[in-house]
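Here's a quick tour of one model, written for someone who likes to know the cut-offs. Have the sequence and the 3D view open as you read.

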Amino acid sequence: MSADQQQLLTPRQVEAEYGFSRQTLANWRHQGTGPAYMKSGPSRSSRVRYRRSAIEAWLNARTVTPESATA
């Protein structure tokens with residue numbers, strides 16, 4: 001795995017690079033859905049980071065191909 005894939009991204013960086021708003025990311029975290037993330041501590045104000053590889057894996061798992069869309 002490359003260093004780029006292990007890069008940690010802030011919600012702001014995820015928003016800029018992938019187009020998911022910070023509020024959507026927060027909603028997904030609250031709902032227990034969305035890409036895997038890490039927190040710096042247990043409190044609500046702890047910093048959240050996403051591994052680029054986790055976002056890519058989450059997106060890949062949701063990719064629909066034309067063949068599978070008709071099934």
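## The sheet

In what order do the three strands of the open sheet lie? The order is β1-β3-β2, and the pairing is antiparallel. Since β1 (8-9) and β2 (38-39) are the edge strands with a single partner each, one side of each has no neighbour in the sheet. A quick word on terms: strands (E, at least two residues) and helices (H or I, at least four) are DSSP runs numbered from the N terminus, and two strands pair if DSSP finds at least two bridges between them.

This is a predicted model, where local features need pLDDT of at least 70 and side-chain atom pairs count only at pLDDT 80 or more, while totals for chains, interfaces and linings use all residues. Residues are numbered from 1 along each chain as its sequence is written, and side-chain values use heavy atoms, leaving out hydrogens and water.

Back to the strands: two bridges join β1 to β3 (residues 48-51) in the antiparallel sense. Leu 9 has Tyr 50 in β3 as its bridge partner.

## A helix on the sheet

Helix α3 (residues 52-61) packs on this sheet and touches β1 and β3, a contact being heavy atoms within 4.5 Å. Its direction makes about 65° with that of β3; axes here are lines fitted to C-alpha atoms, for helices over the stretch in contact, with angles from 0 to 180 degrees between N-to-C directions.

Which residues of α3 are buried? They are Arg 52, Ser 53, Ala 54, Ile 55 and Trp 58, where buried is under 20% relative accessible area, exposed is over 50% and partly exposed lies in between (1.4 Å probe, protein chains only). These buried residues pack against β1, β3, α1 (11-18) and α2 (22-31).

## α1 against α3

The axes of α1 and α3 are 12 Å apart, at an angle of about 45°. That makes the two helices oblique to each other, the class left over once angles under 35 degrees (roughly parallel), over 145 (roughly antiparallel) and 65 to 115 (roughly perpendicular) are taken out.

On the α1 side, Val 14, Glu 17 and Tyr 18 make the contact, and on the α3 side Arg 52, Ile 55, Glu 56 and Leu 59 do.

## An exposed loop residue

Ala 36 sits in the loop between α2 and β2. Why does Ala 36 count as exposed? Because its relative accessibility is 52%. Leaving aside residues up to four places away in sequence, Ala 36 touches Tyr 50 and Ala 54. Ala 36 and Tyr 50 are 14 residues apart in sequence, with a C-alpha to C-alpha distance of 6.8 Å.
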